[in-house]
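Here are my notes on this one, as numbered points. Have a look at the model first, then read on.

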Amino acid sequence: MTPEEKREKNRLYMRAYRALHGDKERAWKAANIDKLRAQARVGSARYVNAHRKEVQRKARERERRKRAADPELARQKDRSSYAKHIERKRAESRASHARHVTQRRAQQRKWREANRAKRAIYNREWRESNPAVAAALSKAWREAHPDKAQARAWRSGANYRARKYRAFIERVERDVIFRRDNGRCYLCGDLIRETEKWHADHVIPLAKGGTHCYENLRVTHARCNKKKHTNIPKGQPTLFQVIAS
Ligand SMILES: [Zn+2]
């Protein structure tokens, strides 16, 4: 008897047995349902373990076929699943964002630096072709960042004046000069009060070859500065002495 014939004989025997004793078998199954289910679970887990790749591939294929057969239903299920697990989904998304935020910022910064000239040209062209939007955006930014806007306006005005004299220009910040000089006027020596206007003054005037950089800038009262005009004050170091010191 071949194995095939043996299996066939077995099947016939089982069918005959069930026809006679089907009730007994059903009763036994009902009495042992937990045991049978546990056995099935173990067998199924063992199979999945042994054929993991295959099982996963088949599951993906099944999922793909289902989506292709009814894409609208699939989208609905996605949406309801998202809604059901919204808290977990949001937490996952936040965590992933946090995990990659440093990396992403570094990449963005690197790209911006590598494409500085390109960006400047693109930005200028964009502003020229969208003047109303650009003005509105700029106004919104100034209102949101009044301190930064003021600093930028001062920098741009100061650079403009320095360029007129063809002076050497360094990127300088008004508040850095103020902090460095401890808010003290270099002409009269007094502290500048909050209500008083003050200038960042060029020790060697731009008109006399002074540079627009930290070494040549000092904090002064606006009133003291006006008295000074473009005379280099007596007893003040010249730019060359400042650089040498
Ligand atoms: Zn003063």
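1. Let's start at Val219, which sits in strand 2 (helices, H or I of at least four residues, and strands, E of at least two, are DSSP runs numbered from the N terminus). Val219 is buried, with 24 other C-beta atoms within 10 Å. For that label, a residue is buried if 20 or more other C-beta atoms lie within 10 Å of its own, exposed if 12 or fewer, and partly exposed in between, with C-beta atoms placed from the backbone.

2. Before going further, a word on provenance. This is a predicted model, in which local features need pLDDT of at least 70 and side-chain atom pairs count only at pLDDT 80 or more, while totals for chains, interfaces and linings use all residues. Residues are numbered from 1 along each chain as its sequence is written.

3. On confidence, the chain has a mean pLDDT of 90, and 93% of its residues reach 70 or more (pLDDT is the predictor's confidence in each residue, from 0 to 100).

4. Leaving aside neighbours within four places in sequence, Val219 is in contact with Ile177, Phe178, Asp181, Gly183, Arg184, Cys185, Tyr186, Ile192, Trp198 and Ala200. Contact here is C-beta to C-beta within 7 Å, with those atoms placed from the backbone. Leu187 is 32 residues away from Val219 in sequence, yet their C-alpha atoms are 8.5 Å apart.

5. Which way does strand 2 (residues 217–221) face? Leu217, Val219 and His221 point one way, Arg218 and Thr220 the other, and all are buried.

6. Among the bridge partners, Ala200 goes with Val219 and Asp201 with Arg218. In strand 1, Trp198, Ala200 and His202 point one way and His199 and Asp201 the other, and all are buried. With 5 of its 5 residues buried, strand 1 is largely enclosed by the rest of the structure.

7. Which residues make up the largest nonpolar core? There are 7 of them: Cys185, Ile192, Trp198, Ala200, Leu217, Val219 and Cys224. Strand 1 and strand 2 each supply at least two residues of this core. The core is defined as a set of buried Ala, Val, Leu, Ile, Met, Phe, Trp, Tyr and Cys residues joined through C-beta atoms within 7 Å. Trp198 is in contact with Ile192, Val219, Thr220, His221 and Ala222, again setting aside neighbours within four places in sequence.

8. Now zoom out. The chain has 11 helices and 2 strands, running α-α-α-α-α-α-α-α-α-β-β-α-α from the N terminus. Its radius of gyration is 41 Å, well over the 18 Å that the globule rule gives for 245 residues, so the chain is more spread out than a compact globule. The radius is taken over C-alpha atoms, and the rule is 2.2 Å times the number of residues to the power 0.38. The C-alpha trace spans about 125 × 40 × 35 Å along its principal axes.

9. Burial over the whole chain is 9% of the 245 residues. Of the contacts with a separation of 6 or more, 59% are between residues 24 or more positions apart.

10. Helix 6 (residues 116–129) has 14 residues and reaches 20 Å from first C-alpha to last, close to the 20 Å expected (the expected span is 1.5 Å times one less than the number of residues). None of the residues of helix 6 is buried, so this helix lies largely in the open. Helix 7 (residues 131–144) also has 14 residues and reaches 20 Å, close to the expected 20 Å, and its count of buried residues is 0.

11. Last, two backbone angles to check. Most residues other than glycine have a negative phi. Arg166, in the loop between helix 8 (146–164) and helix 9 (174–180), has a positive phi of about 55°, and Arg166 is exposed, with 9 other C-beta atoms within 10 Å. Asn182, in the loop between helix 9 and strand 1, has a positive phi near 55° and counts as exposed with 9 C-beta neighbours inside 10 Å.

Note on methods:
Contact = placed C-beta atoms within 7 Å. Pairing = 2+ DSSP bridges.
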